[in-house]
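This report sets out selected features of one protein structure. It is to be read beside the sequence and the coordinates.

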Amino acid sequence: MQCRAGCGACCIAPSISSAIPGMPAGKPAGIRCIHLTENHLCGIFGHPDRPQVCADFDAEPSICGSHRDEALILLTRLEAETS
């Protein structure tokens, strides 16, 4: 599955424990990453400072659903199950 441009659910729903430029303590679940643009794109995509966990994320139908709203629901549920 290709990542849907303009989704950004993976930059909001999950927590990120590693440092992110401008977010040295990482990002709590449900909080928008400061690098997520208004168009829901990663502002540091392809940059060496982008966290490895972000680079390793693979879009999958079971995680991303069929649209952005479903992705937010599925990723929020997954985050709650793993916390």
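The model is predicted.

In soluble globular proteins, nonpolar side chains tend to be buried together. The largest nonpolar core here has 16 residues, and those that touch the most other members are Ala9, Ile20, Cys33 and Leu75. Two or more residues of this core come from each of helix H2 (61–64) and H3. H3 gives the largest share, three residues.

Ile20 also shows how parts of the chain that are apart in sequence meet: beyond its neighbours within four places, Ile20 is in contact with Gly26, Lys27, Cys33, His35 and Pro51.

**Pocket and cavity**

The largest pocket has a volume of about 690 Å³. Its lining comprises 33 residues, and Cys10, Cys11, Arg50, Cys54 and Phe57 lie nearest the centre. H1 and helix H3 (68–82) each contribute at least two residues to this lining. By class, the pocket lining consists of 22 nonpolar, six polar and five charged residues.

How many cavities of 30 Å³ or more does the structure hold? There is one cavity of that size.

**Cysteines**

A search of the whole structure finds zero disulfides. For Cys7, the nearest cysteine sulfur is that of Cys64, 6.3 Å away, and Cys7 is in no disulfide. Cys7 counts as buried because its relative accessibility is 9%, under the 20% limit.

Cys54 is partly exposed, at 21% relative accessibility.

**Individual residues**

| Residue | Relative accessibility | Class |
|---|---|---|
| Ile16 | 9% | buried |
| His35 | 18% | buried |
| His40 | 23% | partly exposed |
| Glu60 | 36% | partly exposed |
| Asp49 | 54% | exposed |

Ile16 lies in the segment before H1. Leaving aside residues within four places in sequence, Ile16 is in contact with Ala25, Gly26, Lys27, Val53 and Cys54. Ile16 and Met1 are separated by 15 residues in sequence and by 22 Å from C-alpha to C-alpha.

His35 is also placed in the segment before H1. Beyond four places in sequence, His35 touches Ile20, Pro21, Leu41, Cys42, Gly43 and Ile44. His35 counts as buried because its 18% relative accessibility is under 20%.

His40 is found in the segment before helix H1 (52–56). The phi angle of His40 is near 60°, a positive value in a residue other than glycine. With 23% relative accessibility, His40 counts as partly exposed.

Asp49 belongs to the segment before H1 as well. Its contacts, apart from neighbours within four places in sequence, are Pro21 and Ile44. Asp49 and Pro21 lie 28 residues apart in sequence, yet their C-alpha atoms are 6.7 Å apart in space. Pro21 and Ile44 are also touched by His35. Asp49 counts as exposed because its relative accessible area is 54%, over the 50% limit.

Glu60 occupies the loop between H1 and H2. Not counting residues up to four places away, Glu60 touches Met1 and Gly65. From Glu60 to Ala9 there are 51 residues in sequence and 12 Å in space, C-alpha to C-alpha.

Terms used
Residues are numbered from 1 along each chain as its sequence is written. This is a predicted model: local features need pLDDT of at least 70, side-chain atom pairs count only at pLDDT 80 or more; totals for chains, interfaces and linings use all residues. Side-chain values use heavy atoms; hydrogens and water are left out. Helices (H or I, at least four residues) and strands (E, at least two) are DSSP runs, numbered from the N terminus. Buried means under 20% relative accessible area, exposed over 50%, partly exposed in between (1.4 Å probe, protein chains only). Contact means heavy atoms within 4.5 Å. A disulfide is a pair of cysteine sulfur atoms within 2.5 Å. On a 1 Å grid over the protein atoms alone, a cavity is a set of points where a 1.4 Å probe fits but cannot get out, and a pocket is an open set with protein on both sides within 12 Å along at least five of seven lines; lining residues have an atom within 4 Å of a point. Grid points are joined across faces, edges and corners, and a volume is the space filled by probe spheres set on the points. Ala, Val, Leu, Ile, Met, Phe, Trp, Tyr, Cys and Pro count as nonpolar, Asp, Glu, Lys and Arg as charged, and the others, Gly among them, as polar. A nonpolar core is a set of buried Ala, Val, Leu, Ile, Met, Phe, Trp, Tyr and Cys residues joined through side-chain atoms within 4.5 Å.
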